[in-house]
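Here is a briefing on one model, grouped by topic. Look at the sequence and structure, then read on.

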Amino acid sequence: MAIFISFTKKLFFILPRQIHPFLLPYKGAVLEECLNKLRPFVDTYAENFYQIFFDEHPEARTLFGKHMSQGDLYRSINNFMLFLADNTQNPRVFIPFFEKLGKRHKMYGVQRYQLEWVIETNIKTLKRILGSEWKDSYEKEWRQAYRWGLKIVIAGGEF
Ligand code: HEM
């Protein structure tokens, strides 16, 4: 009998408890620096994010407001950014989280191609909030990390 073990579960089991930063496909320290700069302004993240997101992708609006209030969504998004700040270099924590996030987003009716939109909006949001504290080196690491994280979301949600 063939036993199916998902890509992400295999990855999870071979990961050592402490992962060396060089083994991650992005520079975790660079992202951590960026996210630490966001911490004092984190309460403003979701509001800015959705302003940009709905401006550029108005068709996504119909998916929202069905599973939670706007206040709860904003709080979850801002907490998610803090979760990333705390676990940038801790894949044993964020891999299972991303898998479940993928499952929930499938249930919200999100399409696979729409998942690509978030990276641009995230970069624009951080640039807007951090202003002169933003560094161009952050962009490359966000893109690398997002490409990798998205694979886990896609596998978890079976998109
Ligand atoms: C991969 C990038 C994304 C991340 C990290 C993310 C993160 C989140 C988080 C943390 C929540 C709070 C609820 C939960 O944890 O399930 C949420 C809710 C939600 N997200 Fe996302 N999201 C992403 C992409 C998207 C995209 C591309 C769309 C739609 C085009 C979307 C639509 C929604 C909807 C509809 C909800 C429920 C909110 C409501 O009912 O008003 N998400 N998202």
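Two residues are in contact if their C-beta atoms, placed from the backbone, lie within 7 Å. Among contacts in the protein chain between residues at least 6 apart in sequence, 89% join residues at least 24 apart. The model is predicted: local features need pLDDT of at least 70, side-chain atom pairs count only at pLDDT 80 or more, and totals for chains, interfaces and linings use all residues. Residue numbers start from 1 along each chain as its sequence is written.

**Overall fold**
- The protein chain has eight helices and zero strands. Helices (H or I, at least four residues) and strands (E, at least two) are DSSP runs, numbered from the N terminus.
- Of its 159 residues, 16% count as buried. Buried means 20 or more other C-beta atoms within 10 Å of the residue's own, exposed means 12 or fewer, and partly exposed lies in between, with C-beta atoms placed from the backbone.

**Ligand shell**
- The shell around the ligand holds 21 residues, and Phe64, His67, Ser76, Arg104 and Gln114 come nearest. A residue is near a molecule if its C-beta atom, placed from the backbone, lies within 6 Å of it.
- Helices H4 (70–87), H5 (91–107), H6 (112–115) and H7 (117–130) each give two or more residues to this shell.
- H4 provides the largest share, four residues.
- By class, the shell has 14 nonpolar, five polar and two charged residues. Ala, Val, Leu, Ile, Met, Phe, Trp, Tyr, Cys and Pro count as nonpolar, Asp, Glu, Lys and Arg as charged, and the others, Gly among them, as polar.

**H3 against H4**
- The axes of H3 (residues 45–56) and H4 come within 8 Å and cross at roughly 110 degrees. H3 is therefore roughly perpendicular to H4 (65 to 115 degrees). Axes are lines fitted to C-alpha atoms, for helices over the stretch in contact, and angles run from 0 to 180 degrees between N-to-C directions.
- Tyr45, Ala46, Glu47 and Phe49 of H3 meet Leu73, Tyr74, Ile77, Asn78 and Met81 of H4.
- The residues of this contact divide into seven nonpolar, one polar and one charged.

**Nonpolar core**
- The largest nonpolar core has 13 residues; Leu31, Cys34, Leu35, Leu38, Tyr45, Phe49 and Met81 have the most contacts inside it. Such a core is a set of buried Ala, Val, Leu, Ile, Met, Phe, Trp, Tyr and Cys residues joined through C-beta atoms within 7 Å.
- H2 (28–38), H3 and H8 (136–157) each give two or more residues to this core.
- Cys34 touches Leu126 and Tyr138, not counting residues up to four places away in sequence.

Note on methods:
Angles under 35 degrees count as roughly parallel, over 145 as roughly antiparallel, 65 to 115 as roughly perpendicular and the rest as oblique.
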